Amino acid sequence: MTTGTPLRILFLSIEYPPESPNGIGSYVVEVAAALARRGHEVHVLSCLPDQARRTYRDGDVWVHRRPRPRLRGLGRVVRGARTAERIRHAIACWRETRGLGIDFDVVESPDWMAEGLIFALAGKPLVAHLHTPLAVTAHYGSRARPLDSRAAALLERLTVERARLVTAPSRLLADEVARRGWLKGREVRIIPYPIDAGPWALANPVASTPPRVLFTGRLEPRKAPEVLVEASARLAGDVDGIEVLLAGRSDGRRDGKPYGEWLAGRIDDLGAPCRLLGEVPRPEVARLLSSSRVFVLPSRFENFPVAALEAMAAGRPVVCTTHTGLAELVEGSGAGAAVPRDDPDALARALRPYLADASVAAEAGARGQEVIRRTCSPDRIAEERERCYLAVARGSTA
């Protein structure tokens, strides 16, 4: 139970499972339930175009799904689609929250989509949680940043900078936004994502798995799946039976082709032992993880991916780059390895011991499970967030 006064807490989140089981949604469903178990009144507001209006209970959490208004005429004032979309989301969240008729003690908003913008500008008790803002994804995704993207990114920045308190799952992301001039020296509280490790601990033992590597995520420049493809080609000659599975939808283009199509060509050119599975449903991801020996994050930048936490909870060693927030858990723990980004040779060297010897992978996986139990349990994370919310509700961030 809560160690202080029960709070009325609202999460603004476009994503919420099962309709939206992506990273932000996975975070919200875990932390909201854990806070409710501590005796707080917890609500989630999701505003999306064409979504049916309904309110229901998900366990002890109130979920309010609302359609996002069209706001006719906005397009004549705001020319950029990304900027207009964020303004629509911000207005929808403000209007629908007022319509709930509840005086919330604290509101949490992600940076993404600037959903808490009006709350921040109005001086309401807002906690901004960094997930990975547009300014960062655009930079590491090698995408041009036209005026529309810059304006949309500014709305996300305003939401964060005007919030009473800012939290982030990784020091990597906090330092990244600070390097870009955000926050002006303000402290960022580092609180990892929570994960219920119980279901993932039921995965098949690592010792029974073939030398199979799993990557899940969008096929896009920021996640750098081609680096894994190149590493696998280097390993094919000395690791018998190696197989690399890449599960995720193609996003963006490279050399004039859809990214997935370009990557398939790269696999063929190298003769790499890789299979592209496309986007797979969540239950299928769990099955793939259970049959794999190692999970890989070759990303050029990644905040604190839930998929990798799930892999650690399932007892799989994780090999990531030093530009992922997960490196903060992996380095020094024996739960895997962190290598420089864009270095297929280093990635191949890090993978080789786990693929060559299942007992080495099993030992690392067991250490990863212990790290998850110690660091990312939902109850522990809820207690940390509760302390932040109580400080904000009392008008302090100390």
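**Exercise 1.** Determine how the reach of helix 13 from its first C-alpha to its last relates to the expected value, and where helix 13 bends.

*Solution.* Step 1: helix 13 covers residues 344-356, which is 13 residues; helices (H or I, at least four residues) and strands (E, at least two) are DSSP runs numbered from the N terminus. The model is a predicted one, in which local features need pLDDT of at least 70, side-chain atom pairs count only at pLDDT 80 or more, and totals for chains, interfaces and linings use all residues. Residues are numbered from 1 along each chain as its sequence is written, and side-chain values use heavy atoms, with hydrogens and water left out.

Step 1: the expected span is 1.5 Å times one less than the number of residues. For helix 13 the reach is 18 Å, close to the expected 18 Å.

Step 2: a bend of about 25 degrees is located at Ala 350, and Pro 353 follows within four residues. The bend is the angle between axes fitted to the seven residues ending at a position and the seven starting there.

**Exercise 2.** Identify which residues of helix 13 are buried and which elements they pack against.

*Solution.* Step 1: apply the burial criterion (buried is under 20% relative accessible area, exposed over 50%, partly exposed in between; 1.4 Å probe, protein chains only). The buried residues include Pro 344, Ala 346, Leu 347 and Tyr 354.

Step 1: list the packing partners, with contact defined as heavy atoms within 4.5 Å. The strands are strand 9 (212-216), strand 14 (294-297), strand 15 (318-321) and strand 16 (336-339). The helices are helix 8 (225-235) and helix 14 (358-375).

Step 2: examine Glu 230, which lies in helix 8. Glu 230 is buried, at a relative accessible area of 18%. Leaving aside neighbours within four places in sequence, Glu 230 is in contact with Pro 344, Arg 266 and Leu 270.

**Exercise 3.** Characterise the chain as a whole: what are its radius of gyration and its buried percentage?

*Solution.* Step 1: count the elements; the chain has 15 helices and 16 strands. The radius of gyration, taken over C-alpha atoms, is compared with the globule rule of 2.2 Å times the number of residues to the power 0.38. Its value of 21 Å is close to the 21 Å that the rule gives for 398 residues, so the chain is as compact as a globular protein of that length.

Step 1: along the principal axes, the C-alpha trace spans about 65 × 50 × 40 Å.

Step 2: of the 398 residues, 57% count as buried.
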